[in-house]
Amino acid sequence: MAPTLQASLLSSINSHLKNYQPGSGSAENNEEIKQAISGCFQKFSTVKTFDLSDDDKTVRPIGVGMQTIVEQAVHELLMNRTINAVAIIHTKTPTTPLVTPENTAPHEVMSTQMQGDSAREKTISDRTVTVRNLAKSDPERMLLYIAYPEDGLGVRRPEQQEIYKAELAKPENGCLRDLPLSHKEIPKNLVGASYIMTDADADDASQPLYFGLRAVQAIDAGSPMTWTFWLGELNSAEVQPHYLEVKSYLEKGTATNLQLP
């Protein structure tokens with residue numbers, strides 16, 4: 001019997017988690033972060049959504065660590081032709097990884113509270129790689145939307161805008177889609193990302209799998225906040241309300257057919 005889509009995803013997640021390297025200067029702190037990330041993924045065996053509430057210094061390495069590992073797993077499953085996927089990064093401004101040179105974490109893309117915190121800085125440099133890897137996926141199997149309110153690009157510095165526009169122009173980034181929205185702003189509860197996966201061999205009756213997070217962009221990192229995570233079938237009672245809210249916000253802000261389930 002073939003493994004379920006969620007089982008395949010979690011198997012890949014566990015594999016990437018073993019090799020994951022948090023950026024703390026302390027081996028003990030790195031192990032604590034990895035254990036916290038592992039514990040969060042284990043929660044999905046009993047629930048489909050949960051919150052993490054603490055200061056940004058504590059929550060960001062865990063939350064963005066989870067997002068990084070999910071992006072690695074999605075990329076692996078795409079390369080193995082196990083899944084098809086749509087990913088949307090829906091934030092106030094174009095996503096930090098794509099306005100930042102690969103493998104870097106310049107201070108101007110983060111809040112002053114983050115600067116000098118190696119564990120939080122590495123959450124940026126890691127995702128400059130994972131998001132670019134997803135962008136290079138087969139557009140027949142993957143769409144990657146960078147969604148933001150209409151004025152969001154102008155909030156970024158000119159050099160950051162140029163980095164982002166250069167990524168959009170690269171022919172190898174075949175599935176990358178710029179999605180400026182007609183909205184003036186994005187509600188705080190919708191800032192984050194959504195990853196919608198379907199089994200490559202699925203029939204029309206099978207349910208897509210959703211991983212999502214409600215988060216805070218690095219430039220706004222500061223005061224304590226609650227981050228929220230979802231993993232489950234799109235039609236599940238815990239996942240569906242958030243997904244439908246994200247979907248409605250996106251579709252009302254664009255004439256583009258986003259091909260969302």
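Colleague: Which element gives the most to the lining of the second largest cavity?
Modeller: Helix 4 does, contributing three residues to that lining; helices here are DSSP runs of H or I with at least four residues, strands are runs of E with at least two, and both are numbered from the N terminus. The model is a predicted one, in which local features need pLDDT of at least 70 and side-chain atom pairs count only at pLDDT 80 or more, whereas totals for chains, interfaces and linings use all residues. Residues are numbered from 1 along each chain as its sequence is written, and side-chain values use heavy atoms, with hydrogens and water left out.

Colleague: Which residues line the second largest cavity?
Modeller: Its lining is made up of Tyr 20, Pro 22, Gly 23, Ile 33, Pro 61, Ala 119, Lys 122 and Thr 123, and the volume they surround is about 40 Å³. A cavity is a set of points on a 1 Å grid where a 1.4 Å probe fits but cannot get out, and lining residues have an atom within 4 Å of a point; the volume is the space filled by probe spheres set on the points.

Colleague: And how many cavities are there of 30 Å³ or more?
Modeller: The count comes to two, and the largest cavity holds about 240 Å³ of space.

Colleague: What lies nearest the centre of the largest cavity?
Modeller: Of the 22 residues in its lining, Arg 60, Gln 67, Arg 127, Val 216 and Gln 217 lie nearest the centre. At least two lining residues come from each of helix 3 (56–79), helix 4 and strand 5 (192–199), with helix 4 supplying the largest share, four residues.

Colleague: Helix 4 again, then. Why is helix 4 largely enclosed by the rest of the structure?
Modeller: Helix 4 is largely enclosed because 14 of its 18 residues are buried, where buried means under 20% relative accessible area, exposed means over 50%, and partly exposed is in between, for a 1.4 Å probe and protein chains only. The helix runs over residues 118–135.

Colleague: Changing topic, how many salt bridges does the structure hold?
Modeller: There are eleven, each being a side-chain nitrogen of Lys or Arg within 4 Å of a carboxyl oxygen of Asp or Glu.

Colleague: Which side chain meets Arg 132 in a salt bridge?
Modeller: Glu 167 meets it, at 3.0 Å from N to O, and the pair links distant parts of the chain, with Glu 167 in helix 6 (residues 158–169) and Arg 132 in helix 4, 35 residues apart.

Colleague: Are those two buried or exposed?
Modeller: Glu 167 counts as buried at 5% relative accessibility, and Arg 132 is likewise buried, at 3%.

Colleague: Last one, which residues are linked in a network of salt bridges?
Modeller: Asp 56, Lys 57, Arg 60, Asp 117 and Arg 120 are linked in this way, and Arg 60 is also one of the residues lying nearest the centre of the largest cavity.

How values were computed:
The expected span of a helix is 1.5 Å times one less than its number of residues. On a 1 Å grid over the protein atoms alone, a cavity is a set of points where a 1.4 Å probe fits but cannot get out, and a pocket is an open set with protein on both sides within 12 Å along at least five of seven lines; lining residues have an atom within 4 Å of a point.
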